[in-house]
Amino acid sequence: MEVEIISRESIKPSSPTPHDLKSHKLCLLDQFRSNIYVPRVLYYPLNQDDLSSTIDIDHIVSKRLQLLKQSLSEALVRFYPLAGKLTNNFSVDCNDEGVYFVEAVAKIHLNEFLIQPDHNLIHKFFPVDGNEQRSQIAGAHVAKVQVTSFACGGLVICACISHAFGDGTSFSSFMKAWAATARNKTSEEEAIYICPNYDASSLFPPNDGDLFHQLKATARASFGRFFETGKFVVRRFVFDAKATAELKAKAKSSRVQNPTRVEVVSATLSKSVMTAFKTRSGSHKPTLLSHAVNLRSKARPPLSENLIGNIVWKTNALCTEEEVDLDVLVWQLREALSKFDGDFVKSLQGVGGLLKLSEDIKCEAEAYSDAKNKIMFSSWSTFGFYGINFGWGKPIWVSGACLGGSIVESSPTIILMDTRSGNGIEAWVLLIEEDMALLEVDEKLLEVATIDPSPLKLPQ
C-alpha cells in the first residue's frame, strides 16, 4: 500500500491560551511514563448517501478535512496542553505551537485494504516527525494526527498523545470532545469530556527528588529484564460474542461468579502464550501477568473520567503452575486487581504518594524476582472509540498501529479492544516471531478465536 504525504502543518488553538495556564505540571504517575506514542486508528468509509450524491468525492473529502482541522483548533482551546511541547522538568510548555497534523493519500480503496489488513502497513497511517526521537522528551509534540484519504473517499484518522502526558482515558476524552466539536452537538455521553479536568498534579503531586529517581531506576531494572530484542510480529485474535459467553460460563466459579469479557480473554490468551513459551524453551517458567488498571473508578469517591493524566498503575499476578485451569487464572487476575481499592488510591495522593509507590515497587520486585517471562495487558474496551462520530457516521473499524515485523526491544504485549458490535473482544497480540508461530496453531485457542478476520466481516 502506497501512502503519499501531502502536507504537514501545526493546528493551533483557535484562541490563545491565557498566560496563567502556560505551564501544565505532570503528576507523579505521569513521571513513570516514557515519551512514547500509542496510536489509535479510526477507519471511516464513505457512506451510501455520499455515494449516491452528485457531489464530487474529492469535494466531500476536502470539506471533511477542513472540518477536522477547524474543529481540532476549537477543541484545543480546552485541551490546550495538547498544542504544547514537553519539557525536561515534568511539565508541558503550553505555547500554542499546535498539534502536529499530517495529511496523506492512499492510492487504493479503503475496502480493498480492509478485506485483509496488513498489520505491518498500518503504521503508515501514523504521523512521523523526523525531527523527534522516540526517547526524546524536551521539545516533543504532546499530540500528533494523521488523516489519510483513500481513492474511494474513505478517511482514516490516526491520532495519538504522548504517554508522558496521559493515558488511554485521557486520549478518548480528547477524541470525544473533538468529534462533538466537529458535529457542533454534544451527546449526553460526551458532555463530561468537553471540559477536561487538570487537577491530577494536585491530587498526585510530582516529585523530582533523589528518591523518585532511585525508584524509577529500581522499576526499570526489575521489570526491564523481561524485554527481548528480536523480530516481533502482530496478529489479531477475535473472540466473538458467542465465544466470550462460553468462556465466561467456563470460568465461573464460587470465587468469581461474574467473570468479565476482559478477564476470560486475558486468561485464555495467557494460557496459550505460556504454552508457546514452554514449547520454545523446553520447560515451563514462572510468568508474570501484568495488567494496566484505570484508578479513577477505584477511588472512593471515584475520580472524574475527564481527569487528564496517567491515572493508571499495573497490577501483577504470578503464574507458577505448569497447568492452570481457566477459572483459577481468572481468580488470580481478580485477586491481583482487588488490591486497587479506595484506600490504595488515597495512599498515592498527597506528599506521601511517592513513599507508597516506593513500598509497592520494591515489594513487587522482591515478590516476583523468580518470574522469567512477562505478558503485558492493556484493555481499551471501555474507551468507546466506535462511538466517535465527526459528522459522517461511526468508524467501521478501530485498530492500533503496532510495529509488527520489526526488530524491536519489547516484551510480549496484548491489547484488548471491543469488536464493532461491542459484545466481543479483539485482541492485538505482539510476540516474538517464533512464539507467534506456535500461538497461531494452538488448537484450543483456535476453537474460540479467529485469526485476523476481515473487519468488513465482523458483526455490526
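Modeller: A disulfide is taken here as a pair of cysteine sulfur atoms within 2.5 Å. The model is a predicted one, in which local features need pLDDT of at least 70 and side-chain atom pairs count only at pLDDT 80 or more, while totals for chains, interfaces and linings use all residues. Residues are numbered from 1 along each chain as its sequence is written, and side-chain values use heavy atoms, with hydrogens and water left out.

By that criterion, the search of the whole structure returns 0 disulfides. For cysteine 27 the reason is distance: the closest cysteine sulfur, in cysteine 94, is 15 Å away from the sulfur of cysteine 27, too far for a bond. Cysteine 27 is also buried, at 1% relative accessibility; buried means under 20% relative accessible area, exposed over 50%, and partly exposed in between (1.4 Å probe, protein chains only). Cysteine 319 is likewise buried, with a relative accessible area of 1%.

The surroundings may be described next. Of the 460 residues in the protein chain, 54% count as buried. The chain holds 13 helices and 17 strands, where helices (H or I, at least four residues) and strands (E, at least two) are DSSP runs numbered from the N terminus. Its radius of gyration is 22 Å, close to the 23 Å that the globule rule gives for 460 residues, so the chain is as compact as a globular protein of that length. That radius is taken over C-alpha atoms, and the rule is 2.2 Å times the number of residues to the power 0.38. Along its principal axes the C-alpha trace spans about 65 × 50 × 40 Å. Among contacts (heavy atoms within 4.5 Å) between residues at least 6 apart in sequence, 80% join residues at least 24 apart.

Some backbone details complete the picture. Most residues other than glycine have a negative phi, and most peptide bonds are trans. Arginine 300 and proline 301, however, are joined by a cis peptide bond with omega of about -5°. Proline 301 sits in the loop between β10 (287–294) and β11 (312–319). Phenylalanine 90, which is not a glycine, has a positive phi of about 55°, and its place is the loop between β4 (85–86) and β5 (91–93). Aspartate 452 also has a positive phi, of about 50°; this residue follows β17 (450–451) and is buried, at 14% relative accessibility.
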